[in-house]
Amino acid sequence: RAVVVSNLGRLDEALEIFGRVIPELRRSSRPPDLARGVANRATIHLARGYVADAVRGYEEAESLFDATGQAFAAALAHENLGCAVAHLGDLPRALALFDDAARRLAALGHDASAPLLARAEALLLAGLSADAATFSSGAARRLEAAGSRAAAEGARLIAAEASRVEGDLHAALELARNAREWFAGGGSGYGERAGRGEGIRCGYDLGELDVEELGADGLMLLQMLEELGFHVW
C-alpha cells in the first residue's frame, strides 16, 4: 500500500505507512520484507530531500539484502546509495559506488545500464554539465550498440539537459525531440513526458515556444515550470 500511494504522489502518506510497518517487521524478524520496506522508504526520503535518511536507508537495505542472499537487490541498493551520496555532494564516492554496482550487476548477468545513467546524472548534479554531456553521449552510443535502446535514449535525455545547461540549445532540442519520438513509439509514457518537458525548456530558452501546439500534457508541464520560476506565459 505504501508503494502504491507513493506512486500516486502521496509521499507523506507513504512515509506514515512505512513508519508503522517497518518497526513491526523488525519485531517479527522478517529480514527480506524489512529490506524491501527500508529500501522503498529510502527512495521516498530521497524524493522528499531527506538525503541523510536516504543514505542510511540504502545502507541498511543493502546489508539486509546481502544477509538474505539477494545479490541482485543488494546491487540495486548499492546503486541507489550512489544516487543519494551524489545528492550529498560526495561525487567521488558516488562514482565509485556506481562503478561497483555496474560490476556486480554484470557479474550476475543483469543489465548494468542503470549505473551508467546514474553516473551521468551525478555529474550533472555536481555542476559538471560539460562532462555530463560528453559522458552521457558516449554512454548512449555504447548502450545502443549493446541493444539497450531505451537506456540509450534515457542517456540522450540526460545529454539534452546537460547540453541545455551548457548553452547548446539547438543540440539539446534535437536530442530531446528524438528521444521523445522514440519513447512515444515504444509506449513509454514517462520517457515521452521527460522528452517533452526538456523540449519545452529548450523552446523557452530559444524563444520558440508555441503554446497552441503543446496540447494538454504540454500545458500541464508549463504549469509545473511556472511553479519552478520559469515565467513562460
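Reply: Let us start with the term helix: helices are DSSP runs of H or I with at least four residues, numbered from the N terminus. Leucine 88, for instance, is found in helix α5, which covers residues 71-88. Please keep in mind that this is a predicted model.

Me: How many helices and strands does the chain have?

Reply: The chain has 12 helices and 0 strands. Read along the sequence, the pattern is α-α-α-α-α-α-α-α-α-α-α-α.

Me: Which elements have the lowest and the highest mean pLDDT?

Reply: The general idea comes first: where pLDDT is low, the predicted coordinates should not be read in detail. In this chain the average pLDDT is 87, and 89% of the residues score at least 70. Helix α12 (residues 215-227) has the lowest mean among the elements, 58. The highest mean, 97, belongs to helix α4 (residues 51-67).

Me: Is histidine 45 buried or exposed?

Reply: A residue counts as buried when its relative accessible area is under 20%. Histidine 45, which lies in helix α3, has a value of 12% and is therefore buried. Leaving out residues up to four places away in sequence, histidine 45 touches Leu15, Tyr50, Asp53 and Ala54. For the chain as a whole, buried residues make up 42% of the 233 residues.

Me: What is the phi of serine 29, and where is this residue placed?

Reply: As a general rule, most residues other than glycine have a negative phi. Serine 29 has a phi near 55 degrees, a positive value in a residue other than glycine. Its place is in the loop between α2 (11-27) and α3. Serine 29 is also exposed, with a relative accessible area of 58%.

Me: Which residues does leucine 88 contact beyond its neighbours in sequence?

Reply: Leaving aside neighbours within four places in sequence, leucine 88 is in contact with Val51 and Val55. Leucine 88 and valine 51 are 37 residues apart along the chain, yet their C-alpha atoms are separated by 6.7 Å. On the scale of the whole chain, 48% of the contacts between residues at least 6 apart in sequence join residues at least 24 apart.

Me: At what angle do α5 and α6 pack?

Reply: Helices α5 and α6 pack at about 165 degrees, with their axes 8 Å apart. The two are therefore roughly antiparallel to each other, and their crossing is left-handed. The contact includes Phe72, Leu76, Leu81 and Val85 of α5, as well as Ala94, Leu97, Ala101 and Leu105 of α6. Its residues divide into 13 nonpolar, 2 polar and 4 charged.

Me: How are α6 and α7 packed, and which residues make the contact?

Reply: Helix α6 (residues 91-107) and helix α7 (residues 113-125) pack at an angle of about 170 degrees, and their axes are 9 Å apart. That makes α6 roughly antiparallel to α7. Residues of the contact include Leu91, Leu95 and Phe98 of α6, and Pro115, Ala118 and Arg119 of α7. By class there are 10 nonpolar, no polar and 2 charged residues.

Me: What is the relative accessible area of phenylalanine 183?

Reply: Phenylalanine 183 has a relative accessible area of 7% and is buried. The residue is placed in helix α10 (residues 169-186). Apart from its neighbours within four places in sequence, phenylalanine 183 is in contact with Ala150, Glu153, Gly154, Leu157, Ser188, Gly191 and Glu192. Phenylalanine 183 and alanine 194, 11 residues apart in sequence, are 9.4 Å apart in space from C-alpha to C-alpha.

Note on methods. Residues are numbered from 1 along each chain as its sequence is written. This is a predicted model: local features need pLDDT of at least 70, side-chain atom pairs count only at pLDDT 80 or more; totals for chains, interfaces and linings use all residues. Side-chain values use heavy atoms; hydrogens and water are left out. pLDDT is the predictor's confidence in each residue, from 0 to 100. Buried means under 20% relative accessible area, exposed over 50%, partly exposed in between (1.4 Å probe, protein chains only). Contact means heavy atoms within 4.5 Å. Axes are lines fitted to C-alpha atoms, for helices over the stretch in contact, and angles run from 0 to 180 degrees between N-to-C directions. Angles under 35 degrees count as roughly parallel, over 145 as roughly antiparallel, 65 to 115 as roughly perpendicular and the rest as oblique. Ala, Val, Leu, Ile, Met, Phe, Trp, Tyr, Cys and Pro count as nonpolar, Asp, Glu, Lys and Arg as charged, and the others, Gly among them, as polar. A crossing is left-handed if the near helix is turned anticlockwise from the far one by less than a right angle, and right-handed if clockwise.
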